[in-house]
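Please keep the sequence and the model in view while reading.

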Amino acid sequence: MQKSVESPTKMVSTTEDNEVEMEVPKARFWDAMDITQWEGFWFGPGLLKPAFTFRSSFHARDDDVILASTMKTGTTWLKSLSLCILKNRDDPKHDMLAMENPHFHVPTIESTLYSTKPLHVDIYDASGPRLLHTHLPHAVLPDSIKESGCKVVYMARNPKDTLISMWHFFNSFLRPDREPFPLEKAVDCFCSGLHQYGPFSNHVAEYWLESRKRPHKILFVKYEEMKSDPKGQVSRIADFLGRPFGEEEQVDEVLWRCSLERLRNLEVNKNGSVLLNVPNTSYFRKGEVGDWKNYLTSEMEERIDQTIGLKLQAIGLIL
Ligand code: A3P
(Lines give C-alpha, C1' and ligand atoms only; values in the text may rest on other atoms or scores of the structure.)
Protein backbone atom coordinates (compact mmCIF):
# COMPACT_ATOMS: atom_id res chain seq x y z
CA MET A 1 0.00 0.00 0.00
CA GLN A 2 1.44 3.33 -1.07
CA LYS A 3 1.31 5.48 1.95
CA SER A 4 3.01 8.39 3.26
CA VAL A 5 1.30 11.20 4.89
CA GLU A 6 4.10 12.92 6.77
CA SER A 7 4.10 15.35 9.64
CA PRO A 8 2.30 18.63 9.02
CA THR A 9 4.12 21.50 7.43
CA LYS A 10 3.52 25.21 8.12
CA MET A 11 1.82 27.36 5.47
CA VAL A 12 0.91 31.02 5.45
CA SER A 13 -2.60 31.64 4.20
CA THR A 14 -3.00 35.16 2.82
CA THR A 15 -6.41 36.73 2.97
CA GLU A 16 -7.24 40.26 1.81
CA ASP A 17 -6.64 41.65 5.26
CA ASN A 18 -4.08 39.48 6.96
CA GLU A 19 -1.87 36.45 6.90
CA VAL A 20 -2.79 33.37 8.89
CA GLU A 21 -0.24 30.72 9.68
CA MET A 22 -1.63 27.21 9.56
CA GLU A 23 -0.38 23.65 9.58
CA VAL A 24 -1.13 21.46 6.60
CA PRO A 25 -0.44 17.73 6.17
CA LYS A 26 2.23 16.82 3.67
CA ALA A 27 2.83 13.65 1.59
CA ARG A 28 5.05 12.38 -1.24
CA PHE A 29 3.44 11.79 -4.61
CA TRP A 30 5.05 8.99 -6.65
CA ASP A 31 8.37 9.42 -4.82
CA ALA A 32 8.73 12.55 -6.95
CA MET A 33 7.09 15.58 -5.42
CA ASP A 34 5.68 16.92 -2.19
CA ILE A 35 1.96 17.48 -2.05
CA THR A 36 0.12 19.32 0.72
CA GLN A 37 -3.41 18.93 1.94
CA TRP A 38 -5.90 21.72 2.45
CA GLU A 39 -9.63 21.44 3.12
CA GLY A 40 -9.41 17.69 2.49
CA PHE A 41 -7.72 17.91 -0.94
CA TRP A 42 -4.11 17.50 -2.08
CA PHE A 43 -2.21 20.21 -3.92
CA GLY A 44 0.99 20.05 -5.94
CA PRO A 45 4.11 22.07 -5.19
CA GLY A 46 3.56 25.80 -4.84
CA LEU A 47 -0.16 25.65 -5.55
CA LEU A 48 -1.56 26.33 -2.11
CA LYS A 49 -0.61 29.97 -1.92
CA PRO A 50 -2.11 30.84 -5.31
CA ALA A 51 -5.21 28.89 -4.27
CA PHE A 52 -5.51 31.03 -1.12
CA THR A 53 -5.01 34.19 -3.17
CA PHE A 54 -7.63 33.10 -5.67
CA ARG A 55 -10.10 32.36 -2.94
CA SER A 56 -9.58 35.65 -1.15
CA SER A 57 -8.97 38.06 -4.05
CA PHE A 58 -11.04 36.95 -7.01
CA HIS A 59 -14.23 38.89 -7.55
CA ALA A 60 -16.35 37.05 -10.07
CA ARG A 61 -18.55 39.04 -12.40
CA ASP A 62 -21.92 37.93 -13.68
CA ASP A 63 -20.60 37.49 -17.21
CA ASP A 64 -17.54 35.41 -16.25
CA VAL A 65 -17.35 31.76 -17.28
CA ILE A 66 -15.38 29.45 -15.04
CA LEU A 67 -14.41 26.02 -16.33
CA ALA A 68 -13.58 23.43 -13.68
CA SER A 69 -12.22 19.90 -13.60
CA THR A 70 -9.90 17.66 -11.71
CA MET A 71 -6.80 16.41 -13.58
CA LYS A 72 -6.84 14.49 -16.87
CA THR A 73 -10.57 14.50 -17.40
CA GLY A 74 -10.61 16.43 -20.68
CA THR A 75 -9.76 19.94 -19.50
CA THR A 76 -7.85 20.76 -22.70
CA TRP A 77 -10.86 19.80 -24.80
CA LEU A 78 -13.28 21.79 -22.65
CA LYS A 79 -11.00 24.85 -22.79
CA SER A 80 -10.76 24.61 -26.58
CA LEU A 81 -14.50 24.20 -27.08
CA SER A 82 -15.42 27.01 -24.71
CA LEU A 83 -12.90 29.31 -26.35
CA CYS A 84 -14.45 28.63 -29.75
CA ILE A 85 -18.00 29.03 -28.43
CA LEU A 86 -17.38 32.27 -26.57
CA LYS A 87 -14.45 34.05 -28.13
CA ASN A 88 -13.63 32.69 -31.53
CA ARG A 89 -16.84 31.89 -33.38
CA ASP A 90 -17.72 34.77 -35.59
CA ASP A 91 -14.37 35.04 -37.34
CA PRO A 92 -13.08 31.49 -37.88
CA LYS A 93 -10.21 32.86 -40.00
CA HIS A 94 -8.78 34.32 -36.84
CA ASP A 95 -7.93 30.88 -35.49
CA MET A 96 -6.91 31.38 -31.88
CA LEU A 97 -6.18 27.69 -31.32
CA ALA A 98 -3.61 27.75 -34.11
CA MET A 99 -1.80 30.62 -32.39
CA GLU A 100 -1.40 29.31 -28.87
CA ASN A 101 -2.03 26.19 -26.81
CA PRO A 102 -5.52 26.13 -25.19
CA HIS A 103 -3.93 26.37 -21.73
CA PHE A 104 -2.50 29.76 -22.67
CA HIS A 105 -5.83 31.12 -23.90
CA VAL A 106 -7.75 29.80 -20.90
CA PRO A 107 -5.40 29.89 -17.93
CA THR A 108 -5.84 27.65 -14.92
CA ILE A 109 -6.00 30.34 -12.27
CA GLU A 110 -4.00 28.72 -9.48
CA SER A 111 -1.35 27.37 -11.89
CA THR A 112 -0.38 30.66 -13.50
CA LEU A 113 2.76 30.73 -11.36
CA TYR A 114 4.04 28.00 -13.71
CA SER A 115 3.35 30.06 -16.86
CA THR A 116 6.30 30.25 -19.19
CA LYS A 117 5.18 33.59 -20.63
CA PRO A 118 3.09 36.51 -19.43
CA LEU A 119 -0.67 36.03 -19.83
CA HIS A 120 -2.68 38.32 -22.12
CA VAL A 121 -4.61 39.72 -19.20
CA ASP A 122 -4.44 40.20 -15.47
CA ILE A 123 -6.94 37.56 -14.44
CA TYR A 124 -7.85 39.46 -11.30
CA ASP A 125 -8.39 42.73 -13.08
CA ALA A 126 -9.41 42.13 -16.68
CA SER A 127 -12.72 43.42 -17.87
CA GLY A 128 -15.38 40.78 -18.48
CA PRO A 129 -16.36 38.46 -19.84
CA ARG A 130 -13.47 36.36 -18.59
CA LEU A 131 -13.01 32.74 -19.56
CA LEU A 132 -10.92 31.02 -16.91
CA HIS A 133 -10.31 27.55 -15.54
CA THR A 134 -9.63 26.09 -12.12
CA HIS A 135 -8.81 22.65 -10.73
CA LEU A 136 -9.94 23.73 -7.27
CA PRO A 137 -12.63 21.71 -5.52
CA HIS A 138 -16.05 23.35 -5.30
CA ALA A 139 -15.85 23.86 -1.56
CA VAL A 140 -12.92 26.25 -1.82
CA LEU A 141 -14.08 28.29 -4.78
CA PRO A 142 -14.25 32.01 -4.00
CA ASP A 143 -17.64 32.99 -2.58
CA SER A 144 -18.13 35.44 -5.42
CA ILE A 145 -18.11 32.58 -7.92
CA LYS A 146 -20.78 30.78 -5.95
CA GLU A 147 -22.88 33.88 -5.33
CA SER A 148 -22.61 35.89 -8.55
CA GLY A 149 -24.42 35.07 -11.77
CA CYS A 150 -21.26 33.67 -13.39
CA LYS A 151 -21.55 30.21 -14.89
CA VAL A 152 -19.46 27.14 -14.18
CA VAL A 153 -18.89 24.21 -16.56
CA TYR A 154 -17.41 21.08 -14.97
CA MET A 155 -15.84 18.24 -16.99
CA ALA A 156 -15.84 14.75 -15.42
CA ARG A 157 -14.48 11.44 -16.69
CA ASN A 158 -14.50 7.77 -15.85
CA PRO A 159 -12.07 7.24 -12.94
CA LYS A 160 -10.17 4.35 -14.57
CA ASP A 161 -9.52 6.30 -17.76
CA THR A 162 -8.58 9.34 -15.68
CA LEU A 163 -6.07 7.28 -13.73
CA ILE A 164 -4.47 5.81 -16.86
CA SER A 165 -4.31 9.25 -18.45
CA MET A 166 -2.68 10.60 -15.28
CA TRP A 167 -0.21 7.70 -15.21
CA HIS A 168 0.94 8.44 -18.77
CA PHE A 169 1.01 12.18 -18.16
CA PHE A 170 3.20 12.07 -15.06
CA ASN A 171 5.43 9.32 -16.45
CA SER A 172 6.07 11.43 -19.54
CA PHE A 173 7.61 14.32 -17.72
CA LEU A 174 8.50 13.09 -14.23
CA ARG A 175 10.24 9.93 -15.49
CA PRO A 176 11.09 10.53 -19.17
CA ASP A 177 14.16 8.29 -19.16
CA ARG A 178 13.07 5.80 -16.54
CA GLU A 179 10.71 2.90 -16.22
CA PRO A 180 7.10 4.01 -15.70
CA PHE A 181 6.03 4.36 -12.07
CA PRO A 182 4.62 0.95 -10.99
CA LEU A 183 0.95 0.98 -11.96
CA GLU A 184 0.04 -0.93 -8.83
CA LYS A 185 1.35 1.92 -6.70
CA ALA A 186 -0.33 4.51 -8.91
CA VAL A 187 -3.64 2.70 -8.30
CA ASP A 188 -2.93 2.84 -4.56
CA CYS A 189 -2.33 6.58 -4.68
CA PHE A 190 -5.45 7.13 -6.74
CA CYS A 191 -7.71 5.02 -4.52
CA SER A 192 -6.33 6.71 -1.39
CA GLY A 193 -6.85 10.13 -2.97
CA LEU A 194 -3.13 10.94 -2.64
CA HIS A 195 -2.63 12.90 -5.84
CA GLN A 196 -3.01 16.46 -7.10
CA TYR A 197 -6.57 17.67 -6.47
CA GLY A 198 -7.47 14.27 -5.03
CA PRO A 199 -9.49 12.54 -3.76
CA PHE A 200 -10.98 12.21 -7.24
CA SER A 201 -14.34 10.97 -5.92
CA ASN A 202 -14.80 13.96 -3.60
CA HIS A 203 -13.83 16.44 -6.29
CA VAL A 204 -16.33 15.04 -8.77
CA ALA A 205 -19.03 14.48 -6.12
CA GLU A 206 -18.97 18.08 -4.91
CA TYR A 207 -19.55 19.52 -8.37
CA TRP A 208 -22.08 16.81 -9.24
CA LEU A 209 -24.22 17.47 -6.18
CA GLU A 210 -23.99 21.21 -6.64
CA SER A 211 -24.95 20.92 -10.31
CA ARG A 212 -28.06 18.96 -9.27
CA LYS A 213 -29.01 21.68 -6.81
CA ARG A 214 -28.26 24.58 -9.14
CA PRO A 215 -28.48 23.38 -12.74
CA HIS A 216 -28.68 26.96 -14.09
CA LYS A 217 -25.34 27.69 -12.38
CA ILE A 218 -23.22 24.57 -12.94
CA LEU A 219 -23.27 22.43 -16.04
CA PHE A 220 -21.90 18.93 -15.45
CA VAL A 221 -20.38 17.43 -18.60
CA LYS A 222 -19.10 13.86 -18.96
CA TYR A 223 -16.12 13.13 -21.21
CA GLU A 224 -17.76 9.90 -22.37
CA GLU A 225 -20.92 11.74 -23.47
CA MET A 226 -18.77 14.28 -25.30
CA LYS A 227 -17.26 11.37 -27.21
CA SER A 228 -20.52 9.53 -27.91
CA ASP A 229 -22.64 12.58 -28.78
CA PRO A 230 -20.29 15.44 -29.54
CA LYS A 231 -22.85 17.56 -31.41
CA GLY A 232 -25.47 17.22 -28.70
CA GLN A 233 -23.02 17.95 -25.91
CA VAL A 234 -21.28 20.91 -27.51
CA SER A 235 -24.69 22.42 -28.30
CA ARG A 236 -25.68 21.84 -24.68
CA ILE A 237 -22.59 23.75 -23.52
CA ALA A 238 -23.26 26.59 -25.98
CA ASP A 239 -26.92 26.85 -24.88
CA PHE A 240 -25.89 26.89 -21.23
CA LEU A 241 -23.40 29.67 -21.90
CA GLY A 242 -26.06 31.72 -23.64
CA ARG A 243 -24.45 31.39 -27.09
CA PRO A 244 -26.62 28.81 -28.89
CA PHE A 245 -25.54 27.72 -32.35
CA GLY A 246 -27.73 28.85 -35.23
CA GLU A 247 -26.67 26.25 -37.73
CA GLU A 248 -25.37 22.72 -37.64
CA GLU A 249 -22.34 23.71 -39.74
CA GLN A 250 -21.18 25.94 -36.90
CA VAL A 251 -21.25 22.98 -34.52
CA ASP A 252 -19.30 20.87 -37.00
CA GLU A 253 -16.75 23.64 -37.46
CA VAL A 254 -16.16 24.02 -33.71
CA LEU A 255 -15.87 20.26 -33.21
CA TRP A 256 -13.39 19.97 -36.04
CA ARG A 257 -11.29 22.88 -34.77
CA CYS A 258 -11.16 21.32 -31.31
CA SER A 259 -10.59 17.74 -32.41
CA LEU A 260 -7.71 15.89 -30.82
CA GLU A 261 -6.18 15.11 -34.21
CA ARG A 262 -6.17 18.72 -35.33
CA LEU A 263 -4.90 20.13 -32.03
CA ARG A 264 -2.17 17.53 -31.76
CA ASN A 265 -0.88 18.42 -35.22
CA LEU A 266 -0.85 22.18 -34.81
CA GLU A 267 2.70 23.57 -34.70
CA VAL A 268 1.97 25.37 -31.40
CA ASN A 269 1.19 22.06 -29.75
CA LYS A 270 4.02 20.05 -31.27
CA ASN A 271 6.62 22.16 -29.53
CA GLY A 272 7.19 24.28 -26.48
CA SER A 273 5.48 24.47 -23.18
CA VAL A 274 3.00 26.92 -21.71
CA LEU A 275 3.49 25.54 -18.22
CA LEU A 276 6.96 25.02 -16.81
CA ASN A 277 8.19 21.41 -17.23
CA VAL A 278 5.01 20.35 -19.02
CA PRO A 279 5.56 19.90 -22.78
CA ASN A 280 2.55 20.96 -24.86
CA THR A 281 2.60 17.53 -26.53
CA SER A 282 1.75 15.85 -23.23
CA TYR A 283 -1.84 17.16 -23.27
CA PHE A 284 -2.73 15.13 -26.35
CA ARG A 285 -2.57 11.35 -26.17
CA LYS A 286 -5.24 8.87 -27.32
CA GLY A 287 -8.48 10.43 -26.11
CA GLU A 288 -10.29 7.10 -26.03
CA VAL A 289 -13.02 5.77 -23.80
CA GLY A 290 -12.06 2.51 -22.10
CA ASP A 291 -8.29 2.69 -22.71
CA TRP A 292 -7.92 1.51 -19.11
CA LYS A 293 -8.74 -2.02 -20.29
CA ASN A 294 -5.31 -2.12 -21.93
CA TYR A 295 -3.56 -1.55 -18.61
CA LEU A 296 -5.48 -2.47 -15.46
CA THR A 297 -5.65 -5.99 -14.10
CA SER A 298 -9.01 -7.28 -12.89
CA GLU A 299 -7.85 -6.76 -9.28
CA MET A 300 -7.02 -3.13 -9.99
CA GLU A 301 -10.32 -2.65 -11.77
CA GLU A 302 -12.18 -4.18 -8.85
CA ARG A 303 -10.37 -1.99 -6.38
CA ILE A 304 -11.26 1.24 -8.19
CA ASP A 305 -14.86 0.12 -8.68
CA GLN A 306 -15.19 -0.81 -5.01
CA THR A 307 -13.78 2.47 -3.72
CA ILE A 308 -14.39 5.32 -6.15
CA GLY A 309 -17.11 3.68 -8.28
CA LEU A 310 -19.33 2.77 -5.34
CA LYS A 311 -18.96 6.19 -3.75
CA LEU A 312 -20.13 7.89 -6.93
CA GLN A 313 -22.95 5.41 -7.50
CA ALA A 314 -24.22 6.16 -4.01
CA ILE A 315 -24.94 9.74 -5.11
CA GLY A 316 -26.46 8.68 -8.40
CA LEU A 317 -23.43 9.36 -10.56
CA ILE A 318 -22.31 6.75 -13.07
CA LEU A 319 -19.00 7.54 -14.76
P1 A3P B 1 -5.83 10.25 -22.64
O2 A3P B 1 -4.58 10.35 -21.83
O3 A3P B 1 -6.76 9.19 -22.18
O4 A3P B 1 -5.54 10.15 -24.09
P5 A3P B 1 -6.65 17.02 -19.56
O6 A3P B 1 -6.88 17.90 -20.73
O7 A3P B 1 -7.64 17.25 -18.45
O8 A3P B 1 -5.25 17.04 -19.12
O9 A3P B 1 -7.01 15.53 -20.05
C10 A3P B 1 -6.16 14.89 -20.95
C11 A3P B 1 -6.94 13.82 -21.67
O12 A3P B 1 -7.81 14.43 -22.63
C13 A3P B 1 -6.00 12.91 -22.46
O14 A3P B 1 -6.63 11.62 -22.47
C15 A3P B 1 -6.02 13.56 -23.83
O16 A3P B 1 -5.61 12.70 -24.88
C17 A3P B 1 -7.46 13.96 -23.94
N18 A3P B 1 -7.68 15.08 -24.88
C19 A3P B 1 -6.91 16.17 -25.06
N20 A3P B 1 -7.42 16.95 -26.02
C21 A3P B 1 -8.53 16.33 -26.46
C22 A3P B 1 -9.49 16.64 -27.48
N23 A3P B 1 -9.37 17.72 -28.21
N24 A3P B 1 -10.50 15.78 -27.67
C25 A3P B 1 -10.63 14.66 -26.91
N26 A3P B 1 -9.76 14.31 -25.95
C27 A3P B 1 -8.71 15.14 -25.72
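Phe200 is part of helix 8, which runs over residues 200–213; helices (H or I, at least four residues) and strands (E, at least two) are DSSP runs numbered from the N terminus. The structure is a predicted model, in which local features need pLDDT of at least 70 and side-chain atom pairs count only at pLDDT 80 or more, while totals for chains, interfaces and linings use all residues. Residues are numbered from 1 along each chain as its sequence is written, and side-chain values use heavy atoms, with hydrogens and water left out.

Phe200 has a relative accessibility of 1% and therefore counts as buried. Buried means under 20% relative accessible area, exposed means over 50%, and partly exposed lies in between (1.4 Å probe, protein chains only). Leaving aside residues up to four places away in sequence, Phe200 touches several residues, including Thr70, Arg157, Phe190, His195 and Leu312; contact means heavy atoms within 4.5 Å. Pro50 is 150 residues from Phe200 along the chain, and the C-alpha atoms of Phe200 and Pro50 are 21 Å apart.

Helix 7 (residues 183–192) is also mostly covered, with seven of its 10 residues buried. Among them are Leu183, Val187 and Phe190. The cover over the buried residues of helix 7 includes helix 6 (159–174), helix 8 and helix 14 (298–313). Just after helix 7, Gly193 has a positive phi of about 80°. Pro199 sits in the loop between helix 7 and helix 8, and the peptide bond that joins Gly198 and Pro199 is cis, with omega about 0°. Most residues other than glycine have a negative phi, and most peptide bonds are trans.

Asp31, in the loop between strand 2 (19–29) and strand 3 (33–38), has a phi of about 55°. Asn277, in the loop between helix 13 (267–270) and helix 14, has a phi of about 70°. Asn277 counts as exposed because its relative accessibility is 60%.

The ligand comes next. What surrounds the ligand? There are 18 residues around it, and Lys72, Thr76, Ser165, Lys286 and Gly287 come nearest; a residue is near a molecule or strand if one of its heavy atoms lies within 4 Å of it. By class, this shell holds seven nonpolar, seven polar and four charged residues. Ala, Val, Leu, Ile, Met, Phe, Trp, Tyr, Cys and Pro count as nonpolar, Asp, Glu, Lys and Arg as charged, and the others, Gly among them, as polar.

The table lists polar contacts, that is, pairs of N or O atoms within 3.5 Å; within protein, one must be able to donate a hydrogen and the other to accept it, and residues adjacent in sequence count only if both atoms are side-chain atoms.

| Residue and its atom | Ligand atom | Distance |
|---|---|---|
| Thr75, polar side-chain atom | oxygen | 2.8 Å |
| Cys258, backbone N or O atom | nitrogen | 2.8 Å |
| Arg285, side-chain N or O atom | oxygen | 2.7 Å |

The protein covers 97% of the 570 Å² of accessible area that the ligand has on its own. Accessible areas come from the Shrake-Rupley method with a 1.4 Å probe, and for residues only the protein chains shown count as cover.

Helix 2 (75–86) and helix 12 (260–265) each supply at least two residues of the shell around the ligand. Helix 2 gives the most, with three residues. The buried residues of helix 2 include Thr75, Thr76, Trp77 and Lys79. At 1.5 Å a residue, helix 2 should span 16 Å, and its end C-alpha atoms are 16 Å apart, which agrees. The expected span is 1.5 Å times one less than the number of residues.

Helix 12 contains Arg262, which counts as buried because its relative accessibility is 12%. Not counting residues up to four places away in sequence, Arg262 touches Asp95, Leu97, Trp256 and Arg257. Leu97 is 165 residues away along the chain, yet the C-alpha atoms of Arg262 and Leu97 are 9.8 Å apart.

Another charged residue, Asp64, is found in the loop between helix 1 (48–57) and strand 5 (65–69). Asp64 is buried, with a relative accessible area of 1%. The side chains of Asp64 and Arg130 make a polar contact of 2.7 Å.
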